[in-house]
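Load the model in a viewer and keep the sequence panel open. The stops below give a selection each time, followed by what is found there.

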Amino acid sequence: MAAPAQIEYPEKIDAAVLKVAGVVVLGAIMSILDITVVNVALRTFQTAFADGGEPLAYSTVAWTVTGYTLALATVIPLSGWAADRFGTKRLYMLAILLFTAGSVLCAAATSIEMLIAFRVLQGLGGGMLMPLGMTIMTRAAGPARMGRLMAILGVPMLLGPIFGPILGGWLIDHFSWHYIFLINLPIGLIALVYAYFALPKDNPQPSESFDFVGMAMMSPGLAAFLYGVSSIPEAGGIGHAKVLVPGLAGLALMVAFVLYSFKPAHPLLDLRLYQNRNLTVASITMFIFAAAFFGGLLLIPQFLQQVQGETPLSAGWLVAPQGVGAMLTMPIAGALADKFPVGRIVPFGLLLITGGMFALTQIEADSSHWGFLIPVLFVMGLGMGGTMMPIMTSALKTLKNHDVARGSTLLNITQQIASSVGVAIFSVVLTNQFNDRPLVTQASELAGKTQAQQQQLIPKLPDVAAFLAKFGADQAAATKALGAEVAKLSAEAFAHTFWVAAFLVALTLVPAAFLPRKREKSHLLDDGDTEGTPAVMVH
């Protein structure tokens, strides 16, 4: 079989390529939508899986997001090796099958533990869809037509953050939370049949060996460490065995993984690439940015539903302006990154996000949507669109062509791990903020109870009982005042959590100051390697 570089590709986008692109777009839609539709469902999960009537802690349900992103990070480095060994068509169809099966199982979950486990299965399939899709498209189109095809693939990437929360909210409001997962069943079956007929027959050619030892250390290490961190609110502090044992074990595994990664010829993650200054700076910037931005922004739908009483659908509509802002600036930032050094582009995006996050520290229970929240989210979306792709560009531009795939893998995993860390950190901070306001946590136990049940329960809730006692026999006034006070204190808890996010985003400006501020020559073809492997898009 001839090498891909020797194949002659037609100049125009023909029907054969569009047919293959359709398969990849379907896979991208499933994977990207599922990241965003769940964001508006976390409050629903808190009550749907409530233990004895008391809503679950946010740090617990946040694992439905953390588990998914950790699974994505796990399979990204596995995808390239497995595609060579088993063939892209077979593996892509397996990824669709895993994702669809995971979705159906998520809908059937009867406990939060089951839902988290099935989300991990879903993530194992979803994590392979994007890198495999990029490989399939590159082989079908050739390098000269990739720019135009990337624009096609960019549509679901840009529209996902806008319509994902709206779709998730609509399904929850009009049906139930189960349908945010069941909707993947018809799409998955269509994609499976489409892939079977549209994708070319496999001709697997096993290449380098896979680093199973590295995999056995990285994934469990990250999961154990984040589980320990997430257990802090429930355990009541860092010194508890439930925090220390998994936390320290996970940390030890991650340190061992880093030390080990310099030994194999083909490590799971090629940390030797960090000798490239641009990749190192970009990775540090990406990590802090992704942890602060994705972890902090997940709080917005939660605030809208828990404090302001919005439905999941209205919460979805209210967070959509962030996606609109990103859609406007992402293509502009991409064009500017080809003409100007990224060190002169990225700081402007980060300043917009930092300003927006500091603005959210002033959020209150009665904050206006149009006068405050929507403009802030739109500005932050503008900043996000001007930040992500230029950071990727900076990192990959100065790598040799044969290093691009490994550098792209490093950046993608950095982003997924950072998102997981950010969600875990902010879920812990928010849960602790609620625990510091016992009136809020005690009042939540009254939710959904009948008046008779509430009267029985109130004497066991000292802060609630003391607050209501101020109003004597006027129960109507007492109930109204309790609701207003709980909303005020809850808003304070969110505002304090946004302070952490704001300082973390501001910290991103430090490594961003070391991004290239002068035009640098691209080394992609310096080593004569014209074939290369495509960079995997961040999602």
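Helix axes here are lines fitted to C-alpha atoms over the stretch in contact, and angles run from 0 to 180 degrees between N-to-C directions. This is a predicted model, in which local features need pLDDT of at least 70 and side-chain atom pairs count only at pLDDT 80 or more, while totals for chains, interfaces and linings use all residues. Residues are numbered from 1 along each chain as its sequence is written, and side-chain values use heavy atoms, with hydrogens and water left out.

**Whole chain**

Colour by secondary structure. The protein has 23 helices and zero strands; helices (H or I, at least four residues) and strands (E, at least two) are DSSP runs, numbered from the N terminus. Of its 539 residues, 55% are buried, where buried means under 20% relative accessible area, exposed over 50% and partly exposed in between, with a 1.4 Å probe and protein chains only. Contact means heavy atoms within 4.5 Å. Among contacts with a separation of 6 or more, 82% join residues 24 or more positions apart.

**Stop 1: H10 and H12**

Select residues 212-230 (helix H10) and 241-260 (helix H12). Their axes are 7 Å apart and the packing angle is about 150 degrees. H10 is therefore roughly antiparallel to H12; angles under 35 degrees count as roughly parallel, over 145 as roughly antiparallel, 65 to 115 as roughly perpendicular and the rest as oblique. H10 passes H12 in a left-handed crossing, a term for the near helix being turned anticlockwise from the far one by less than a right angle (right-handed if clockwise).

Show side chains at the contact. On the H10 side they include Met217, Met218, Leu222 and Phe225, and on the H12 side they include Val243, Leu251, Met254 and Phe257. The residues of this contact between H10 and H12 divide into 16 nonpolar, five polar and one charged. In this scheme Ala, Val, Leu, Ile, Met, Phe, Trp, Tyr, Cys and Pro count as nonpolar, Asp, Glu, Lys and Arg as charged, and the others, Gly among them, as polar.

Buried residues of H10 include Gly214, Met215, Ser219 and Leu226. Which helices cover the buried residues of H10? They include helix H3 (58-61), H4, helix H11 (232-235), H12 and H19.

**Stop 2: H4 and H19**

Two helices from that cover come next. Select 63-86 (H4) and 404-435 (H19), whose axes come within 9 Å and cross at roughly 165 degrees. That makes H4 roughly antiparallel to H19. H4 passes H19 in a left-handed crossing. Residues of H4 such as Val65, Leu70, Leu72 and Ile76 are among those that meet H19, where the partners include Asn412, Ile413, Ile417 and Val423. By class, the contact of H4 with H19 has ten nonpolar, six polar and no charged residues.

**Stop 3: Gly295**

Select Gly295, found in helix H13. Gly295 is buried, with a relative accessible area of 1%. Beyond residues up to four places away in sequence, Gly295 touches Ala290, Gly422, Val423 and Phe426. Gly295 and Phe426 are 131 residues apart in sequence, with a C-alpha to C-alpha distance of 6.1 Å.

**Stop 4: H16 and H23**

Select helix H16 (residues 346-360), whose 15 residues should span 21 Å at 1.5 Å a residue; the end C-alpha atoms are 21 Å apart, which agrees. Its buried residues include Val346, Gly349, Ile353 and Met357. Covering them are, among others, H13 (277-297), H17 (369-385) and H23 (475-512).

The crossing of H16 and H23 is left-handed. By class, the contact of H16 with H23 has 17 nonpolar, two polar and no charged residues.

**Stop 5: Ala191**

Finish at Ala191, in helix H9 (residues 184-198). Is Ala191 buried or exposed? Ala191 is buried, with a relative accessible area of 1%. Leaving aside neighbours within four places in sequence, Ala191 is in contact with Leu26 and Ile96.

Definitions and conventions
The expected span of a helix is 1.5 Å times one less than its number of residues.
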